[in-house]
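Please keep the sequence and the three-dimensional view side by side while reading the explanation that follows. The text moves from the overall plan to individual residues.

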Amino acid sequence: MTFSISAPICARISARALLLPGLALAALLIAANPHPAAAQAASSSSQNQGASQSAAPTDPERPYIVKDGRVDFHTFNGYRRYGDNCLRCHGPDGAGSSYAPDLTDSLKHMTKEQFEETVINGRKNVTTATENVMPAFGTVPDVVENLDDIYAYLKARSDGVLGRGRPKRLDGED
Ligand code: HEC
């Protein structure tokens, strides 16, 4: 009689006795490595650092990274998009032509908003005898989607931190 009652109790106690140290062990393991996922992410991102694009600049006044004449990916992309869309009028390196103004000079006076407004909506100079037209690029995806990068490139040129010609890339993918 006593035997048949004590057997399930005994089983329950021993199950708990096994469970408790098990939980304690799991807690210990978690405490030893509080953020296993974060630690893994950190180590894999540091492994990829060499191959990934260079970090984006954070200072709005200096929207580019230039080190030893090498530029971050965005500034380089801006250089290329400038070449495809703006160079034919504004000349190589943003330096202006007989037709369109020197943008390295313009950006010393213009805000980023004014720059964007001019590029998106275009402008027509009606004060001179010749009609020089800045086309509206608001419907040109290659310009609209890369306008931050084009601005970054021209701003680096305007600030005098980037020379003429094709810049080299900080990530080494020249
Ligand atoms: C078809 C020729 C042409 C192309 C292409 C062109 N521009 Fe212009 N841009 C002009 C002309 C001309 C002006 C001057 C208009 C005026 O004085 O009203 C101008 C003016 C500007 C201005 C104002 C400058 C200032 O000092 O006020 C900015 C900024 C500008 N362009 C940026 C760009 C960018 C960026 C691109 C390429 C995405 C580009 N332009 C492509 C002809 C062009």
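In what order do the elements of the protein chain run from the N terminus on? They run α-α-β-β-α-α-α-α-β-β-α-α-β. The protein chain has eight helices and five strands; here helices (H or I, at least four residues) and strands (E, at least two) are DSSP runs, numbered from the N terminus. Residues are numbered from 1 along each chain as its sequence is written. The model is a predicted one, in which local features need pLDDT of at least 70 and side-chain atom pairs count only at pLDDT 80 or more, while totals for chains, interfaces and linings use all residues.

Two figures describe the protein chain as a whole. Of its 174 residues, 21% are buried. A residue is called buried if 20 or more other C-beta atoms lie within 10 Å of its own, exposed if 12 or fewer, and partly exposed in between, with C-beta atoms placed from the backbone. Among contacts between residues at least 6 apart in sequence, 61% join residues at least 24 apart; two residues are in contact if their C-beta atoms, placed from the backbone, lie within 7 Å.

The sheet may be considered next. Strands of a sheet pair through backbone hydrogen bonds, either parallel or antiparallel. In this model three strands form an open sheet in the order β1-β2-β5, with mixed pairing; two strands pair if DSSP finds at least two bridges between them. Strands β1 (66–67) and β5 (168–169) stand at the edges with a single partner strand each, so one side of each is left without a neighbour in the sheet. Strand β2 (residues 70–71) runs parallel to β5, and two bridges join them. Arg70 has Lys168 in β5 as its bridge partner.

Asp68 lies in the loop between β1 and β2. Its phi is near 50°, a positive value in a residue other than glycine. Asp68 is exposed, because 6 other C-beta atoms lie within 10 Å. The C-alpha atoms of Asp68 and Lys168 are separated by 9.3 Å, although the two residues are 100 residues apart along the chain.

Two packed helices are described by the angle between their axes and the distance between the axes. The axes of helix α3 (residues 73–85) and helix α8 (residues 147–158) come within 7 Å and cross at roughly 95°. Such axes are lines fitted to C-alpha atoms, for helices over the stretch in contact, and angles run from 0 to 180 degrees between N-to-C directions. Helices α3 and α8 are therefore roughly perpendicular to each other, a term that covers angles of 65 to 115 degrees. Helix α3 contributes His74, Thr75, Asn77, Gly78, Tyr79, Arg81 and Tyr82 to the contact, and α8 contributes Asp149, Ile150, Tyr151, Ala152, Tyr153, Leu154 and Ala156. By class, the residues of this contact are eight nonpolar, four polar and two charged. Ala, Val, Leu, Ile, Met, Phe, Trp, Tyr, Cys and Pro count as nonpolar, Asp, Glu, Lys and Arg as charged, and the others, Gly among them, as polar.

Two further residues of helix α3 deserve attention. Phe73 is found in this helix and counts as partly exposed, with 18 C-beta neighbours inside 10 Å. Phe73 and Glu173 are 100 residues apart in sequence, yet 9.4 Å apart in space, C-alpha to C-alpha. Asn85 also has its place in helix α3, and it is partly exposed, with 18 other C-beta atoms within 10 Å. Leaving aside neighbours within four places in sequence, Asn85 is in contact with Val140, Asp142 and Val143.

Which residues come nearest to the ligand? Of the 23 residues around the ligand, these are Cys86, Cys89, Ser106, Asn125 and Met134; a residue is near a molecule if its C-beta atom, placed from the backbone, lies within 6 Å of it. Elements α4 (87–90), α5 (103–109), α6 (112–121), β3 (123–125) and β4 (132–134) give two or more residues each to this shell. The shell has 14 nonpolar, six polar and three charged residues.

Arg88, which lies in helix α4, counts as exposed, with 11 C-beta neighbours inside 10 Å.

Definitions and conventions
Parallel < 35°, antiparallel > 145°, perpendicular 65-115°, else oblique.
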